[in-house]
Amino acid sequence: MNWDAISFDWNQVRAFLATAEEGTFSAAARALKTTQPTIGRQITELEDRLGVTLLERSVKGPRLTEAGETLLHHVRAMSDAATMISMAAIGQSTEISGKVRITASDMLAVGLIPRLLMPLRTKAPRIRPELLPSNDIKDILRREADIAVRHVRPEQPELIARHVGDLRTGLYGARAYFEEMGKPSTPREAADHAFIGIPSGEGVLAALRNLGIPLTQDSFVITSDSGVVISGCLKAGYGLSLLPVALCDPEPDLERVLSDLPTPRIPIWLVTHRELQTSKRIRVVFDQLAHGLSQAAAKIGNASGR
């Protein structure tokens, strides 16, 4: 082993990797919870140590040099190895305490996950859940999260995934909206109402048409990629929306209509890394979420439409 060849500081490597991936020194500093001058100094020290220029500095921001591009591949491999070491150490921990990062869509992170985690305040009060609301798929392989609630099954063999059920959906509107506009009693009548959806809503449009509700894109009076925003628009009285029963039924200001419709279901997968399965604190949170999500998936909702 040539120990003299390993003469740089890992913090310098992290600074370079963070800058390459985040795009700017300031973004890298935020990601690593340090300062921009510290990031710049660490990268300069790494360049001096290696004898190459890794980043070209300009008013438009840092840009990888050819040497930087070549080195980046190896640095990412180092980062992955460091992550695996961290996960292996966490996996050997038997203490039921510490932080557990959970990612889920913003709607689930706001409307469902908090109440599913509440029993842990009694069962494991030293666990500190950190919720990461995101509609993007967080990369568990790189430890952006310890546990993910996803709507598709991951393909990576390093991940453990459990299908905990399928969330039922229903057609909802605000009580105030129905007092003004009336309730539809048939799918055809529902088509005369305003709807709330997502910008790329072809899937939602097709699902509603399959239910016998002949909508067009013009039927959607407001759209958002955020489930929380869609929920807010629903409560504000913009119109109707197809949303999970487990989230909407507990809301006193919302009402379900056409409850006999065979509405689609949303698959729920609970995912973690194989190396984390032996971590007691992560296992406790994983099992608690699996139990709660299974119960939420089994929820039928009020068939009378409340």
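User: Does Phe 220 count as buried or exposed?
Analyst: This model is predicted: local features need pLDDT of at least 70, side-chain atom pairs count only at pLDDT 80 or more, and totals for chains, interfaces and linings use all residues. Numbering starts from 1 along each chain as its sequence is written, and side-chain values use heavy atoms, leaving out hydrogens and water. Buried means under 20% relative accessible area, exposed over 50%, partly exposed in between (1.4 Å probe, protein chains only). Phe 220 has 12% relative accessibility, so Phe 220 counts as buried.

User: Which residue forms an aromatic pair with Phe 220?
Analyst: Rings of Phe, Tyr and Trp (its six-membered ring) pair if their centres lie within 6.5 Å; planes under 30 degrees apart are stacked, over 60 edge-to-face, the rest tilted. The search of the whole structure gives two aromatic pairs. In the one with Phe 220, the centres are 6.2 Å apart and the planes at 65°, edge-to-face, and the other ring belongs to Phe 195.

User: How many residues apart are Phe 195 and Phe 220?
Analyst: Strands are DSSP runs of E, at least two residues; helices are runs of H or I, at least four; both are numbered from the N terminus. Phe 195 lies in β7 (195-197) and Phe 220 in β8 (220-223). The pair links distant parts of the chain, and the separation is 25 residues.

User: What is the angle between the ring planes of Tyr 177 and Phe 178?
Analyst: Both residues are buried. Their ring centres are 5.7 Å apart. The pair is edge-to-face because the planes are at 70°.

User: What span does helix α3 reach?
Analyst: Helix α3 (36-50) has 15 residues. The expected span is 1.5 Å times one less than the number of residues. For α3 that expectation is 21 Å, and its first-to-last C-alpha span is close to this, at 21 Å.
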